[in-house]
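Visitor: Could you take me through a close look at one helix and its surroundings? I would like the criteria stated along the way.

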Protein chains: 4
Amino acid sequence: MIQDLLKSYTSVIELPVLWGDMDAALHVNNAMYLRYSESGRIAYMEKIGFRVAVGNSQDPIGPILAEINCRYKAPLTYPDTISVATRLQVETIEESSFEMAQIIVSHKLQRVVAEVRARLVSYNYQLLKKAPLPEALKEKMLIMEERQID
Amino acid sequence: MIQDLLKSYTSVIELPVLWGDMDAALHVNNAMYLRYSESGRIAYMEKIGFRVAVGNSQDPIGPILAEINCRYKAPLTYPDTISVATRLQVETIEESSFEMAQIIVSHKLQRVVAEVRARLVSYNYQLLKKAPLPEALKEKMLIMEERQID
Amino acid sequence: MIQDLLKSYTSVIELPVLWGDMDAALHVNNAMYLRYSESGRIAYMEKIGFRVAVGNSQDPIGPILAEINCRYKAPLTYPDTISVATRLQVETIEESSFEMAQIIVSHKLQRVVAEVRARLVSYNYQLLKKAPLPEALKEKMLIMEERQID
Amino acid sequence: MIQDLLKSYTSVIELPVLWGDMDAALHVNNAMYLRYSESGRIAYMEKIGFRVAVGNSQDPIGPILAEINCRYKAPLTYPDTISVATRLQVETIEESSFEMAQIIVSHKLQRVVAEVRARLVSYNYQLLKKAPLPEALKEKMLIMEERQID
């Protein structure tokens, strides 16, 4: 059943829910969903070679998060394992930005606990401004997404 | 100038940006904006007496976050101090939910670094389901917002 | 080789290192080691049925962390997987406290990246004061540790 | 009274306790004390010009945390404000390392809630190995500490 939920996504990772991810409301803190979601996007980016630029990076161009939307569908609690599924929204690709759709699925609850939509911008971390999305990366993303659809 | 940015908001708190809030991209991590935003909403909630229910709470009804949208306008870096400004969006009040608008303002950059929109649902933490928004709280919120507008 | 490092520990969990666990020094933040270590202790506690008391708990007695010591032996970076290995230090058991020894092992580096020593106190979360360690738990811990040694 | 607790420390910062710093045990999570403590050390380091090296830093030498010990004396809860007080332990200075002593003081509880001891090593972040503590920094630290004692 979880497989059905995940099958339209290109990249899926599994993460443990940690006890310390919960807050005083006794469920996983809202900000932790963004950590899970970030981890899913990073895994996707690594697949296409578009790494988040770090300070000592040779290549200054990497993705930066411009906007995120998270719909919390059900509370997560420890212990649990989640799948974070990520795909490109192909129709959203523009010269220097694109959107990703994600779901977070609880193995314990056997359901989607959050739906995430993230808009990323290709960013030059040295010049501190947006940059055109490298053509090679765009192609890799499209090929990966098409393979998924087939 | 910061005062101008904040003046249409009902509740404003100041927070320090911590060095440890930054990630390997050398600016404040995207999930930390949700921690800042949460802190602003909590401060607002305390003003109207609508506390996040904790496990040992007498009153099981409290707000739960149903959806959040965050637009990242500029990277934050340590050291900095931010103002997190929060208001109710009066027109969004429904029987058991309402939306809040927030901005995060950098004192160093003298500008808005993030715009947040959060939808909260009145939630019964014992029954684990939504509950009507207590009438007294709704009134307090409206009074507080009107006073702000005047 | 990792198996050799872990074999004297009673409870071992595996955790992924997340990109977001790193800070602006480009390695995993020092405080995250305490999250990993906490997760290891919680797993151990669950094995013996000594759960961290949460607000709505029937049983108010649970462990509380009184002191921790962490020796950082090597920097962790994303991507990596770690094993967190935990054991009771049998000789440290007192009426209401005991110490646990832990190591964090990097699969990528094939070495111990941190050594942790934690002193826990049996705590009554309702009365907010320490409580004698329940006899049944003490026995379970000792049995589990002996089995490990054999 | 808080002033008395702090007076033997060279550098003191104030931080708000955030609601989200608490965990499901309904008090501030143990790992957050290390975030507070880190923030105190960073503030001290900035006073003497010994900044944590970040990826794009010109100067590759900065402090790295080698060992930390934290004694939790009392639980912190939101809302509260803390003072984090930091000093060098002059007698611990060696060629490439030194120790710092810290206390975390709760304004609400009017008492020390944690005692921290941290050993830092002067580290070359490019060569990934320890480096002699720059002489100019050692002098600045000593001058700052002496002034405090006088």
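Guide: In this predicted model, 15 of the 19 residues of α2(C) are buried, so this helix is largely enclosed by the rest of the structure; buried means that 20 or more other C-beta atoms, placed from the backbone, lie within 10 Å of a residue's own, whereas 12 or fewer make it exposed and counts in between partly exposed. Helices here are DSSP runs of H or I with at least four residues, numbered from the N terminus. Residues are numbered from 1 along each chain as its sequence is written, and chains are lettered from A in the order in which they are written. Local features need pLDDT of at least 70, side-chain atom pairs count only at pLDDT 80 or more, and totals for chains, interfaces and linings use all residues.

Helix α2 of chain C covers residues 30–48, and its end C-alpha atoms lie 28 Å apart, which agrees with the 27 Å that its 19 residues should span, the expected value being 1.5 Å times one less than the number of residues. After α2(C) comes C:Gly49, with a positive phi near 75°.

Beyond its neighbours within four places in sequence, A:Ile104 is in contact (C-beta atoms, placed from the backbone, within 7 Å) with residues including A:Tyr33, A:Tyr36 and A:Ser37.

How values were computed. Two residues are in contact if their C-beta atoms, placed from the backbone, lie within 7 Å. Helices (H or I, at least four residues) and strands (E, at least two) are DSSP runs, numbered from the N terminus.
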